[in-house]
Amino acid sequence: FHPYQQDSDLNNFCKERNICVGGYSPLAKGRLLDDPMVKQVAKEKGVTAAQVVIRWSLQKDIITIPKSTKVDRVTENFNVLEFDLNLEQMSKLDSLERGMRVTWDPSTVP
């Protein structure tokens, strides 16, 4: 789950049934970090692109666990709890939907 792959129908189905959704690869394996819209929102907030994308996922009520082996990035990731994205910023990120999977596709599993 990330701005390029939001799976809105599945997410809504789960929310209606009180099923928690966990997002895998919230940064789209780094592909979102260079997106102009993500960078614009990051500049507006004074945070990193990674923080913007992680915060977006959290505000969507997605269980989000970004992976890092670097202490400074783990700290940076934790600091997403110190700010919120406003409705306009959330809408900008919502508009990035592309249906782009960066890992395996569960709909193709027999």
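Let me start with a term. A surface patch is built from residues with over 30% relative accessible area and no salt bridge; like charges are joined within 9 Å, and nonpolar side chains (Val, Leu, Ile, Met, Phe, Trp, Tyr) within 5 Å. The areas come from the Shrake-Rupley method with a 1.4 Å probe, and for residues only the protein chains shown count as cover. A salt bridge is a side-chain nitrogen of Lys or Arg within 4 Å of a carboxyl oxygen of Asp or Glu.

Now, what are we looking at? This is a predicted model, where local features need pLDDT of at least 70, side-chain atom pairs count only at pLDDT 80 or more, and totals for chains, interfaces and linings use all residues. Residues are numbered from 1 along each chain as its sequence is written, and side-chain values use heavy atoms, with hydrogens and water left out.

First, the layout. The chain has five helices and two strands. Both are DSSP runs numbered from the N terminus: helices are H or I with at least four residues, strands are E with at least two. Read from the N terminus, the order is α-β-α-α-β-α-α. The chain has 110 residues, and 38% of them are buried. Buried means under 20% relative accessible area, exposed means over 50%, and partly exposed is in between, with a 1.4 Å probe and protein chains only.

Back to the patch. Which residues make the nonpolar one? Leu10, Phe13 and Ile19 do, and the patch covers about 280 Å². Phenylalanine 13 sits in helix H1, residues 8–16. Its relative accessible area is 41%, so phenylalanine 13 counts as partly exposed.

Stay with H1 for a moment. Serine 8 is in this helix too. Serine 8 is partly exposed, at 41% relative accessible area. Now look across to glutamate 97. Serine 8 and glutamate 97 are 89 residues apart along the chain, yet their C-alpha atoms are separated by 9.6 Å. Here is another pair of that kind. Leucine 96 and histidine 2 are 94 residues apart in sequence, and 9.2 Å apart in space, C-alpha to C-alpha. Leucine 96 belongs to the segment after H5. With a relative accessible area of 9%, leucine 96 is buried.

Next, salt bridges. How many does a search of the whole structure find? Five. Take glutamate 16 and arginine 17, whose side chains meet at 3.4 Å, N to O. Glutamate 16 is exposed, at 62%. Arginine 17 is partly exposed, at 44%.

Then aspartate 94 and lysine 60, at 2.9 Å, N to O. This pair links distant parts of the chain, 34 residues apart: aspartate 94 is in helix H5 (residues 87–94), and lysine 60 is in the loop between H3 and strand S2 (63–64). Aspartate 94 is partly exposed, with 25% relative accessible area.

Lysine 92 and glutamate 88 meet at 3.6 Å, N to O. Both lie in H5, four residues apart, about one turn of the helix. Is lysine 92 buried or exposed? Lysine 92 counts as buried, because its relative accessibility is 17%. Glutamate 88 is exposed, at 54%.

On to the backbone. Most residues other than glycine have a negative phi. Asparagine 18 has a positive one, near 55°. Asparagine 18 is in the loop between H1 and strand S1 (22–23). At 72% relative accessibility, asparagine 18 is exposed. Aspartate 61 is not a glycine either, and its phi is positive, about 65°. Find aspartate 61 in the loop between H3 and S2. Aspartate 61 is exposed, at 58%.

Last stop, the largest pocket. On a 1 Å grid over the protein atoms alone, a pocket is an open set of points with protein on both sides within 12 Å along at least five of seven lines; lining residues have an atom within 4 Å of a point. Grid points are joined across faces, edges and corners, and the volume is the space filled by probe spheres set on the points.

How big is the volume of the largest pocket? About 470 Å³. The lining has 21 residues, and Leu27, Gly30, Pro66, Lys67 and Ser68 are the closest to the centre. Helix H3 (49–59) and helix H4 (71–78) are the elements that give two or more residues to this lining. By type, the lining has nine nonpolar, seven polar and five charged residues. Nonpolar here is Ala, Val, Leu, Ile, Met, Phe, Trp, Tyr, Cys and Pro; charged is Asp, Glu, Lys and Arg; the others, Gly among them, are polar.

Note on methods. 1 Å grid on protein atoms, 1.4 Å probe; cavity = no way out; pocket = protein on both sides within 12 Å on 5 of 7 lines; lining within 4 Å.
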